[in-house]
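Could you take me on a walk through this model, one selection at a time? I have the viewer open and would like to know what to click next and what I will find there.

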Amino acid sequence: MTALARTIHGRPVVRDADDISALVNAGPRAGSHARMVVALALGGVFLDAYDLTTLSWGISDVQAHFGLSAFQTGLVAAALNAGTIVGSIAGGWLTDRIGRYAVFMADMVCFVIAALVAGFAPTAGILIAARFAMGFGVGMDLPVAMAFLSEFSRLEGRGSKAAHAAAWCPTWYAASSACFVIVFALSYVLPAGHPDWLWRASLAFGAVPALVIIMVRGRYMSESPVWIARRGDLQRAADILRRSYGIDPVVRAVPGQAPVAMPVDPWRLVRRPLLRRGLMVAAMTLISSMSYNIIIFGLPTLLVSILHANPVQVVVISIILNLAVAFPGGLLGVRLARSVRSRPIILAGYAMQVAGVGTLALVGVPHGTAGVIAALAGFAAFLFAQGFGPGCQLMVYPTLSYPTELRGLGIGIARLVSGIGGTLILLSFPWMNTHLGPALFRVALLAPLAGVVIAFFSRWDVFGYDPDMDPALRQQAPPVRREVVLHAPELLFSTDTRN
């Protein structure tokens, strides 16, 4: 066989970064480490959700322990969210600049230190700083985790890029529920005379899974082969495929052409077609974040007012709704993501949310058993739709809309928008709840209605799409040797393996 053949002694030939992408898209071999890489990336998402959930129940104990004012208590509650906003941009930019592996491991170290400092914080100021650092880690983690999920997954079928990206949603719900379960378990173990021990232990426990990930990283984790290839190092990308993906490629660069790194040009995000995609993702992310936070904050209030539930009962009902409604919805979303186009899924999710929030708006303050059942059904419909629709797809879209060299920053911007939406609700919800009461749900209804309109008129769909193989995006980069591959008759093999 010649150097230009499809294989050499059964081993695939790699000539450029697109060949690396094609091998990844075809899927890993049996016994590879790809599944462990995916599991570890989802472990990072689990940590994100756990850290965001802690203190949602114990903020009053923190206030009492440190003698905080309402403003200072708000700083403790908002510190993590503020850190997330900053970390999203920093993490996205660093993920594209220095690589996925370095950012992921720095992120895990940040989780360990921040969790331990928060758990043992002697003053409110140190607790606020630790929570900000923890939020910074959460913000950094989602861009790098989504990049790993995409760049170690096949393009279609079981275990596809879209399905793995969608898996962040059920993982999030599972982690949130696990946080409350851990709190309940600790409440029976720790002495009641020390209420601060409970919130301290729950915060410090976040260091445990991060330490586990750090300890096993050497055996399973590696840099993304697609990112390495797009940086111009085909040999190292092939080594990673050999070690982590179970594929043994042979590197045969195009004669007379050295591998060229794709430029990391953030300004491409404000040029077509990436600008149009980014605006659509940002709009849907913003409205989804706002409606989700209104419903989540409204749920405990309504449970207390209509069921006269105590704080423990509110937590139990919230866990049940998470595990029995939202989590199955997320699992359905993962299943749909691998076999159904993305746009109809997100459109159906928004439509069901309109029905759910519309029911809450019509019921208002429920009277009698029928009203209570209708209100709970409205919450359940919203959470289930969030699970299979916007919750899953609003990470699938940014993950699969941007090429590898801009994927981290694109995801980071989407999470920045989500953080802004959540912050606006955190600031305005107390006022809206006091002055609007049940009419608040009429305001919340505007968000999924806008989502239906955007999803209906948008034609962008990421199902089965790999931006690294899109000629429209490649044309925005400076001419590289890929132009030679596309036009040289003797190198037609480089084009007949594309998906």
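Before the first selection, one term: residues are in contact when heavy atoms lie within 4.5 Å. The model is predicted, so to speak of local features a pLDDT of at least 70 is needed, side-chain atom pairs count only at pLDDT 80 or more, and totals for chains, interfaces and linings use all residues. Residues are numbered from 1 along each chain as its sequence is written, and side-chain values use heavy atoms, with hydrogens and water left out.

**First stop: Ser 401**

Select Ser 401, which sits in helix H17 (residues 390-401). Helices here are DSSP runs of H or I with at least four residues, strands are E runs of at least two, and both are numbered from the N terminus. Now show what surrounds Ser 401: apart from neighbours within four places in sequence, its contacts are Leu 274, Arg 277, Trp 460, Val 462 and Pro 467. Is Ser 401 buried or exposed? Ser 401 is buried, at 0% relative accessible area; buried means under 20%, exposed over 50%, and partly exposed in between, with a 1.4 Å probe and protein chains only.

Next, look for polar contacts (pairs of N or O atoms within 3.5 Å; within protein, one must be able to donate a hydrogen and the other to accept it, and residues adjacent in sequence count only if both atoms are side-chain atoms). The side chains of Ser 401 and Trp 460 are joined by one of 3.0 Å. A polar atom of the Ser 401 side chain also lies 2.6 Å from the backbone oxygen of Tyr 397.

**Second stop: the rings**

Rings of Phe, Tyr and Trp (its six-membered ring) pair if their centres lie within 6.5 Å; planes under 30 degrees apart are stacked, over 60 edge-to-face, and the rest tilted. The count by this rule is 10 aromatic pairs. Pick Phe 66 and Trp 199: their ring centres are 6.0 Å apart and their planes at 55 degrees, so this pair is tilted. Phe 66 belongs to helix H3 (residues 59-66) and Trp 199 to helix H9 (residues 195-205), so the pair ties together parts 133 residues apart in sequence. Trp 199 is buried, at 0% relative accessibility.

Move on to Trp 168 and Trp 172, with ring centres 5.4 Å apart and planes at 65 degrees, so they are edge-to-face. Both are in helix H8 (residues 168-189), four residues apart, about one turn of the helix. Then select Phe 104, Phe 148, Phe 152 and Tyr 245 together, a cluster linked by ring pairs.

**Third stop: the charges**

A salt bridge has a side-chain nitrogen of Lys or Arg within 4 Å of a carboxyl oxygen of Asp or Glu. How many salt bridges does a search of the whole structure find? It finds 12. Begin with Arg 11 and Asp 248, whose closest N and O atoms are 3.2 Å apart. This pair links distant parts of the chain, with Arg 11 in strand E2 (residues 11-14) and Asp 248 in the loop between helix H12 (234-245) and strand E3 (250-251), 237 residues apart. Arg 11 is partly exposed at 33% relative accessibility, and Asp 248 is partly exposed at 30%.

Glu 151 is in helix H6 (residues 124-151) and Arg 100 in helix H5 (residues 100-119). Glu 151 is buried at 1%, and Arg 100 is buried at 0%.

Finish by selecting Asp 18, Arg 230, Arg 268, Glu 405 and Asp 468, which salt bridges with shared partners join into one network.
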